[in-house]
Amino acid sequence: MENQQIKKWEDYTEYAVEQARRLLEIDSPSGYGEKVTEYLLQELERIGVKASRTCKGGVLADFGGENSEDALLLEAHCDTLGAMVHQIKENGRLKVTPVGGMRPENAEAENCRILTKEGEVYEGTCQLINASVHVNDDYTVKRSWDSLEIVIDEPVNSKEAVKALGIMNGDYVCFEPRTRVTKSGYIKSRFLDDKLSAGILLAVGKYLKEKQITPARRVYAHFTIYEEVGHGGAASCPAGVTEAWSVDMGCVGEGLECTEHQVSICAKDSGGPYSYEVVRRMIRTAKENNIDFAVDIYPHYGSDVEATLNAGNDIRHGLIGPGVYASHGYERSHKDGVRNTFRLICCYLEEEG
């Protein structure tokens, strides 16, 4: 029986990781969510979960459950960091402005795609201005969005030639995620924040449907597309929701206990403490089910559920996620962290019954 239980968790862990892979293949910097939400709607329909697109462009799914007057909302975001064309330079290069907290140091030398408003896609590379080492003898220049530029992989060397391609100010620039899953179970990619947890929520929906589990409380999932700019969870909170969780990334770094193998439970971030009642119940659930977890305080962090709270919703709120190292850079997590996050959600829901 124990081996069957382990296999059950592993099957859903693999599904969550595979869904994260597929989501990561879809460019979706904040505000550019049409394609990623279309994929979510198709996959949710395939696994038997009712869902609809919100006015803001996210996806609201209904995982089922009994008491709709004491409902639980799970939130994960499918928008990522990125950039936008700020200026077409006279030499045919692009100056960009970041979308979300994309760091210039982490964008340098990365492949990217420029998405025009007419649907054309052009490849390019984010480079330091005058990037050739054999020409530039001063590589100590401070990295900023003023010292980097996008070199377009087209034969263009003037503003007019770039405009002739259909590229204009306001076009999105999407960075290559470079997703890898190693034999040892590590998951490496840009934008694991938060497509890894979006994959976990899909796995929760699949689990509830396949096992024919009806939670005692109604359970909704909101896949948002504006989290990285602060207002993803500010709308579309269904009536009757009394508790909401942001299922995002757990921070891994100096001064924190969480590792990439654990589920992180956040007690406080830059927006203040999370619900004491919710955090305490999360910890109890993890302990009772032998789930590997850590409790931490995130010094530089804000979440979707805080936007839900700030929008005026009277809810208890929490934040969990698989441990992720090098956040907002080339991130790394592990299948263990995925499994522990998935288990914490499922065990919490089943214990509620």
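Guide: What follows goes through the annotated residues one after another. The model is predicted, so that local features need pLDDT of at least 70 and side-chain atom pairs count only at pLDDT 80 or more, while totals for chains, interfaces and linings use all residues. Residues are numbered from 1 along each chain as its sequence is written, and side-chain values use heavy atoms, with hydrogens and water left out.

An unreviewed UniProt entry gives the feature "binding site" for His77, Asp193 and Asp248. These three span 172 residues in sequence, yet no two of their C-alpha atoms are more than 8.1 Å apart, so they gather at one spot. The unreviewed entry also places the feature "binding site" at Asp193 and Glu228; although this pair is spread over 36 residues of sequence, the largest C-alpha distance is 9.5 Å. UniProt positions are given here in the numbering used for this model, feature names are shortened, and annotations may be inferred rather than shown by experiment.

Asp193 lies in helix α5, which covers residues 192-210 (helices, H or I with at least four residues, and strands, E with at least two, are DSSP runs numbered from the N terminus). With 7% relative accessibility, Asp193 counts as buried, a term that means under 20% relative accessible area, as against exposed at over 50% and partly exposed in between, using a 1.4 Å probe and protein chains only. Leaving aside neighbours within four places in sequence, Asp193 is in contact with residues including His77, Glu228 and Asp248, where contact means heavy atoms within 4.5 Å.

His77 belongs to strand β3, residues 67-77, and is buried at 0% relative accessibility. Beyond its neighbours within four places in sequence, His77 has contacts that include Asp193, Glu228 and Asp248.

Asp248 sits in the loop between β13 and β14 and is buried as well, at 2% relative accessibility. Again leaving aside neighbours within four places in sequence, Asp248 touches His77 and Asp193, among others including Tyr301 and Pro322.

Glu228, finally, is found in the loop between β12 (217-224) and β13 (241-247), and its relative accessible area of 13% makes it buried. Among its contacts outside four places in sequence are His77, Asp193 and His328.
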